[in-house]
Amino acid sequence: MDSYPTAPEITASARRLVSRFPGAARLRRIGASRAGRPILLLSVGHGPRHVLVVAGAHPDEPVGGATALTLAERIARGDRLSAATDPALVTWDIVLCLDPDGAALSTNSSSGLAGYYRTGFRPIAAEQPEWAPIVSNPLPESAALFRLIDELRPFLQCSLHSTDVGGSWVQLTRDLPELAAPFGVSAAELGIPLQCGTYDALYWENPSPAVYVLPPPDRTGRLAAGSENIGLSTWCAPLAYGGVTAIVEVPMWATDLAADPTPYPAAGRTLRELAELVLDGGRQVTAVLDKARGFLPPAQDDPLRRVLEWMADGLYAMVADSWTPLARQAAAATHPGDPRILTTAQISALNIVARRQPVRAAGLLLRLLEAAADPAAPGLHRELDELLTTWCADFEQALRVRWVPVRHQVEHQTRTVLAAAESALKTLR
């Protein structure tokens with residue numbers, strides 16, 4: 001496997017699997033997207049307990065669809081049978097793509113970071129099905145998933161995600177102590193670093209390397225900016241039935257800095273530099289956007305334009321401002337064991353975020369400029385394309401990134417999901 005399957009290819013593969021395993025697998029529609037695209041559920045097994053797997057929640061994170069097919073194939077074939085994959089005990093229910101509208105806008109080229117950002121699409125938070133409920137925006141995709149969770153009452157939900165650059169990590173709504181060992185072994189065997197520090201879960205409990213557990217509801221200060229109402233997300237819905245959710249992240253491009261636990265020198269100064277990096281990049285993209293606004297499609301009609309306006313309207317500043325307390329803490333550290341000291345892994349995670357935001361916006365704006373008929377568009381496209389090319393080259397050099405083969409991404413995510421199911425099942429006994 002050298003590339004990611006497209007949404008139509010995933011659906012076609014699922015249909016073929018059902019025809020090959022008619023007694024074990026079945027496919028049904030559980031809802032429709034805002035544009036009327038079907039949301040399909042592939043189920044394998046007939047056990048009374050359910051594992052729910054969600055692929056395609058973020059269209060710029062393409063590994064989930066391939067992992068979903070791999071999981072279904074292995075379970076249907078009965079490979080390495082265990083309690084969690086016993087079809088008489090557990091039914092595996094796999095949402096093939098939660099955001100089919102977003103998937104239609106994202107081709108996710110793997111030809112370097114520049115190619116990836118020129119072809120990827122990630123909607124605003126209010127249009128991300130897992131995340132929209134926390135900003136009180138009802139989406140039919142979110143409603144379909146909530147209904148499914150209420151129907152199945154899964155003991156485990158696994159949300160399949162990938163990150164552009166970094167390492168692998170797992171976020172949990174409740175600790176699964178037996179997950180850490182197989183997760184770490186899998187990453188080591190496949191040459192994937194563990195992400196020992198992540199922007200999303202910087203203040204979460206961290207019981208083992210690259211495993212993060214959601215803090216209690218009253219600890220909102222330990223959540224990333226903008227996620228204070230995370231309890232309303234689809235991630236937390238299985239908690240009502242005693243279930244647990246594992247968000248499994250694997251990198252497309254890896255950096256070994258993500259796993260480096262050594263203290264980072266002058267972290268406070270570096271955080272201020274990274275804050276300026278994201279702000280300056282945001283200013284440069286917004287300057288091009290300002291020149292193009294008069295001939296671009298209106299935001300209410302175009303999801304790419306909505307993302308650009310959302311980012312220009314405060315996202316860059318929100319990211320930069322969220323690091324001010326960290327910089328103060330790092331500057332106040334007084335001795336080698338001081339918990340306020342930041343590690344190289346933590347700084348690298350923030351470095352990735354600082355570089356990602358402007359280049360993601362640049363890629364979206366380039367696509368809009370390519371489609372524009374205005375005579376000013378080609379010149380603005382050349383200007384912005386040079387910026388994106390330079391930023392991506394700097395990104396690759398600063399983080400020393402290397403491509404992770406798709407087959408390794410899929411294998412690691414598959415192993416982690418199976419290990420999470422085994423661990424979660426044992427907590428029920």
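**Close-up 1. Asp164 and its contacts.** Leaving out residues within four places in sequence, Asp164 touches Tyr116, Tyr117, Met252, Trp253, Ile352 and Arg356, where contact means heavy atoms within 4.5 Å. This is a predicted model, in which local features need pLDDT of at least 70 and side-chain atom pairs count only at pLDDT 80 or more, while totals for chains, interfaces and linings use all residues. Residues are numbered from 1 along each chain as its sequence is written, and side-chain values use heavy atoms, with hydrogens and water left out. Asp164 sits in strand 5; helices (H or I, at least four residues) and strands (E, at least two) are DSSP runs, numbered from the N terminus. With a relative accessible area of 3%, Asp164 is buried; that label means under 20% relative accessible area, with exposed being over 50% and partly exposed in between (1.4 Å probe, protein chains only). Met252 lies 88 residues from Asp164 along the chain, yet their C-alpha atoms are separated by 5.2 Å.

**Close-up 2. Strand 5 and its partners.** Strand 3 (residues 49–54) runs parallel to strand 5, joined to it by 4 bridges; strands count as paired if DSSP finds at least two bridges between them. Look for Val54 here, opposite Ser159 of strand 5. Strand 9 (residues 244–254) also pairs with strand 5 in the parallel sense, this time over 10 bridges. Here Cys158 has Ala246 of strand 9 as its bridge partner. A reminder for reading any such view: in a regular strand, side chains alternate between the two faces of the sheet.

**Close-up 3. An aromatic cluster that takes in Tyr4 and Trp403.** One aromatic cluster is made up of Tyr4, Tyr116, Tyr117, Trp253 and Trp403. Rings of Phe, Tyr and Trp (its six-membered ring) pair if their centres lie within 6.5 Å; planes under 30 degrees apart are called stacked, over 60 edge-to-face, and the rest tilted. That rule gives a count of 6 aromatic pairs. Tyr4 and Trp403 make an edge-to-face pair because their ring planes are at 80°, with the centres 6.4 Å apart. This pair links distant parts of the chain, 399 residues apart: Tyr4 is in the segment before helix 1 (7–20), and Trp403 is in strand 10 (residues 402–403). Tyr4 is buried at 12% relative accessibility, whereas Trp403, at 30%, is partly exposed.

Close-up 4. A disulfide is a covalent bond between the sulfur atoms of two cysteines. The working cut-off is a pair of cysteine sulfur atoms within 2.5 Å, and the count comes to 0 disulfides. The sulfur of Cys158 has its closest cysteine sulfur in Cys236, 14 Å away, so the two are too far apart for a bond. Both ends are hidden: Cys158 is buried at 0% relative accessible area, and Cys236 is buried at 8%.

**Close-up 5. Leu384 in the largest nonpolar core.** This core has 65 residues, and Trp323, Leu365 and Leu384 have the most contacts inside it. A nonpolar core here is a set of buried Ala, Val, Leu, Ile, Met, Phe, Trp, Tyr and Cys residues joined through side-chain atoms within 4.5 Å. Helix 10 gives the most to this core, with 13 residues. Setting aside residues up to four places away in sequence, Leu384 touches Val285, Val288, Ala362, Leu365, Leu366 and Leu369.

**Close-up 6. The buried face of helix 9.** Helix 9 spans residues 324–332, and its residues Leu326, Ala327 and Ala330 are buried. Down the axis of helix 9, the buried residues fall within an arc of 100°, so they line one face of the helix; the arc is that of the directions from the helix axis to the C-beta atoms. These buried residues pack against helix 7 (267–292) and helix 10 (344–371).

**Close-up 7. Thr343, in the loop between helix 9 and helix 10.** Thr343 is buried, at 17% relative accessible area. Not counting residues up to four places away in sequence, Thr343 touches Cys196, Asp260, Pro261, Thr262, Pro263 and Tyr264.

**Close-up 8. Met318, in helix 8 (residues 303–321).** Met318 is partly exposed at 32% relative accessibility. Met318 and Ala225 are 93 residues apart in sequence, with 7.4 Å from C-alpha to C-alpha.
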